[in-house]
Amino acid sequence: MEISREEFMQASWDARLELMPEELEGLEKQAKNIFEQATFLQSSALDDVEATYFPLAQKNTVREDLAAPSLPLETALSNAPGAESPYIQVPKIVE
Amino acid sequence: MDFYKHIVQKLAGEVNAKEVSPQQIGEDVARRCAAVHEKCNAFIKFDPELIEKGIKDISQKIAQNKKLPLAGVSFGLSDAICAGGTTTTCASRMLESYRPPFEASVVLKLKEWGAFPAGKTNMDEFNLGATGKNSFFGEIKNPWDTEYTAGSGAAAAVSSRAVNFALAPDGCGELRHSASYCGIPALKPTYGRVSRKGLVDVAPSLDQIGIMAPSVLDLAAILEAISGYDPEDPTSFAHEVPSYTLLLQEKENIGPFKVAVPENWAEAPYLEEGIKKAFLETLEYLKKENFQVQMVSLPNFSHSIVTAAIIRAVEAFSSLGNYDGVRFGLRVEGSHLQEMYRKSRTEGFGSNLKQFLTFGALISAGNYYGRVFQKAQKMRTLIIKELESCLQSFDLLFIPAVPFQAPLLSSNDKACLLPDPAGYYTAAANLAGLPAITIPVPAESVSGSAGVQFIGKAFDEAKLLQAGLLLEKENPPRFPNV
């Protein structure tokens, strides 16, 4: 499976990351490594198999529908890098 | 004072009987933690105030004559598990000053039982691997020989007997790898056996909180304390929690077990001769103990590490998507929001993690999603079916824990995430959500031991502990001088 440098750069954009050239090279090598070992994924034996997304089956894991206090505002803001209660500050979105 | 040598139940008994004061224990633990941190960089930062606070809480309860099942027992807590009164960094610059507004359910349970956290242990960033080289807070050295990795600070702290036990995550085997590197037992419970609330997980379908301890009896005692349904964790199961410690005392009911060994176990890349020899010798010992050992064909087992790496990368890309400098974590200012996200994440995450997340982004999208990720999820189904079918006819699966001994910190040849070669034998248990135990057996290695591993049926940790106890009887644990 050949992946172009442009595809890796698009993926880093999607991940909201900027990779240095040596990091891109490192990733290309690792991706090549794993795809060489992953040829079994192309086997037709997988065609009619259902995918598993979770290790053990669970159903309807909901809690009791009871009102409970939510996180206090000051606690919720305590880790925010920029906050002016009750808001979190971020750069302008709309000019 | 040798409290650190006591199994946890004995220590708790002494504290409850007021033969030993929590203050004495606190001073001893602080001294031992400071020493292992100095030697191995075992903690994110060594914080004696955390120990003092824990000791104060226990002292108050003991003064009120409360009987606490784990009174005075100290534990290391991987810095991917949230605790009150301190930071939870996941060994990442991104979360360097993050203080969680809640505590992990496992920590709350342990505190109720009288145990106290002695420190947040060092780890690879977001627990992606047990190389000991990818922490923002520096390398994690093996207490047996500091040229080698410990894999995790939790393993270093338990092996050095600075703490009575440690909790750490296991996503593809990191808990078991680092325990093997340092020569101590470790247990990854069934997925859903132990609450994951408060675990900063990277791959929600794989990650579980596990235990490292100096002995199997200690593993059993701690598992009993932390197991059980948690209404605040939707992935937790309401499955009865047996008394694991009592079950271990019923010696007449222990074994012999029917044990399966994958016939191609020796095909693992990087498998070292010392590990192979130790495994074969242990097999012979099991046969002498009347275990019925049989080679079985598990053709998809060898695909588990690649399958897990692909699934993990996609889940990590999703899970770590909310680290953007807005509500918490490192923020690097930008002229607009998108730039702020990108700069914060680029500077907040380490190099390996960034590459891993980019790979996850790649195979989450376009035609790679169907060709790679969905196919990996299908292979996951086959691996699970294979293991479940095998365990219908056998009690346990038996394999090595890691193909190699603790790597040199100066070496990069096994420091790969796609896939991580250390996970060859361990990833299958995470894919299937099955419990697994690692026990150290004698080997030519830096710690004088190698990890061997049993994988069991879901919620059958008792059998794992029983098998582990039998092995441990023949191979009493050894500990380095720190």
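**Conventions**

I number residues from 1 along each chain as its sequence is written, with chains lettered from A and ligands numbered from 1 in the order in which they are written. Because the model is predicted, local features need pLDDT of at least 70 and side-chain atom pairs count only at pLDDT 80 or more, while totals for chains, interfaces and linings use all residues.

**Entry 1: chain A**

I looked up the secondary structure, where helices (H or I, at least four residues) and strands (E, at least two) are DSSP runs numbered from the N terminus. Chain A holds 3 helices and 2 strands, and its order along the sequence is α-α-α-β-β. The radius of gyration of chain A is 23 Å, well over the 12 Å that the globule rule gives for 95 residues, so chain A is more spread out than a compact globule. That radius is taken over C-alpha atoms, and the rule is 2.2 Å times the number of residues to the power 0.38. The C-alpha atoms of chain A fill a box of roughly 55 × 45 × 25 Å along the principal axes.

I then looked up burial. A residue is buried if 20 or more other C-beta atoms lie within 10 Å of its own, exposed if 12 or fewer, and partly exposed in between, with C-beta atoms placed from the backbone. Of the 95 residues in chain A, 16% are buried.

**Entry 2: chain B**

Chain B has 15 helices and 10 strands. For its 482 residues a compact globule would have a radius of gyration near 23 Å, and the 21 Å of chain B agrees with this. Its C-alpha atoms fill a box of roughly 65 × 55 × 45 Å along the principal axes. I noted that 64% of the 482 residues of chain B count as buried.

**Entry 3: where the chains touch**

I counted two residues as in contact if their C-beta atoms, placed from the backbone, lie within 7 Å. The contact between the chains takes 44 residues from chain A and 54 residues from chain B. On the side of chain A that touches chain B, H1 and H2 of chain A are the elements that give two or more residues. H2(A) provides the largest share, 8 residues. By class, this side of chain A has 25 nonpolar, 11 polar and 8 charged residues. Here Ala, Val, Leu, Ile, Met, Phe, Trp, Tyr, Cys and Pro count as nonpolar, Asp, Glu, Lys and Arg as charged, and the others, Gly among them, as polar.

**Entry 4: helix H12 of chain B**

I checked the length of H12(B), residues 351-363. At 1.5 Å a residue, its 13 residues should span 18 Å, and the end C-alpha atoms are 19 Å apart, which agrees; the expected span is 1.5 Å times one less than the number of residues. Of these 13 residues, 12 are buried, among them B:Phe356, B:Thr358 and B:Leu362. The buried residues pack against helices H1 (5-14) and H2 (21-37) of chain A, together with H10 (304-319) and H13 (366-393) of chain B.

How do H1(A) and H12(B) pack, at what angle and how far apart are their axes? The angle is about 105 degrees and the axes are 8 Å apart. Axes are lines fitted to C-alpha atoms, for helices over the stretch in contact, and angles run from 0 to 180 degrees between N-to-C directions. H1(A) is therefore roughly perpendicular to H12(B), a term for angles of 65 to 115 degrees. A:Glu7, A:Phe8, A:Ala11, A:Ser12 and A:Asp14 of H1(A) meet B:Thr358, B:Ala361 and B:Leu362 of H12(B).

**Entry 5: backbone details**

Most residues other than glycine have a negative phi, and most peptide bonds are trans. I found a cis peptide bond from A:Ser85 to A:Pro86, with omega near 5 degrees. A:Pro86 lies in the loop between strands E1 (83-84) and E2 (87-88) of chain A.

B:Lys18 is not a glycine, yet has a positive phi of about 60 degrees. B:Lys18 sits in the loop between helices H1 (8-16) and H2 (22-40) of chain B. Is B:Lys18 buried or exposed? B:Lys18 is exposed, with 12 other C-beta atoms within 10 Å.

B:Arg161 also has a positive phi, near 60 degrees, and lies in the loop between H5 and E3 of chain B. B:Arg161 is buried, with 22 other C-beta atoms within 10 Å.

Definitions and conventions:
Angles under 35 degrees count as roughly parallel, over 145 as roughly antiparallel, 65 to 115 as roughly perpendicular and the rest as oblique.
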